[in-house]
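Please examine the sequence and the structure shown here.

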Amino acid sequence: SRKRELVSQALQKHLPPGTGFRVSEGRMSVWVTLPESVDSTELYREARALGASFVPGSAFFVSGGGERNLLISYAGSSEQGIMQEIKTLGDLVSRRLSSRV
């Protein structure tokens, strides 16, 4: 789908090195793996305040873990909206990485 391709391009463009992602084929979501020192739960509040929405990975790991993961759903988002959310997320992750160097 067009939206899935746009999401993939935005992730490649805006997420910093050390960040991985997998865009689901059958669902309108993407699983992101953050760099070693970045915790998705810590990012959550700040991202929400800036209009970016995701589910921290810890919600999917019942026995603990998942701190470096997050799930972004883009099913109900406009193309422009999801592009801005991904840019915001990339900026937040980049800032966290630069502050820990």
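Seven salt bridges are found in a search of the whole structure, a salt bridge being a side-chain nitrogen of Lys or Arg within 4 Å of a carboxyl oxygen of Asp or Glu. This is a predicted model, in which local features need pLDDT of at least 70 and side-chain atom pairs pLDDT 80 or more, while totals for chains, interfaces and linings use all residues. Residues are numbered from 1 along each chain as its sequence is written, and side-chain values use heavy atoms, without hydrogens and water.

| Pair | Closest N and O atoms |
|---|---|
| Arg2 and Glu79 | 3.4 Å |
| Arg4 and Glu25 | 4.0 Å |
| Glu36 and Arg68 | 3.6 Å |

Arg4 lies in helix α1 and Glu25 in the loop between β1 and β2, so their pairing ties together parts 21 residues apart in sequence; helices (H or I, at least four residues) and strands (E, at least two) are DSSP runs numbered from the N terminus. Arg4 is partly exposed at 22% relative accessibility, whereas Glu25 is exposed at 61%; buried means under 20% relative accessible area, exposed over 50%, and partly exposed in between (1.4 Å probe, protein chains only).

In helix α3, the buried residues include Ile82, Leu89 and Val93. The buried residues of α3 pack against α1, α2 and β4.

Thr19, in the loop between α1 and β1, is buried, with a relative accessible area of 15%. Among the residues that Thr19 touches are Val32, Leu34 and Val93, leaving aside those up to four places away in sequence; contact means heavy atoms within 4.5 Å.
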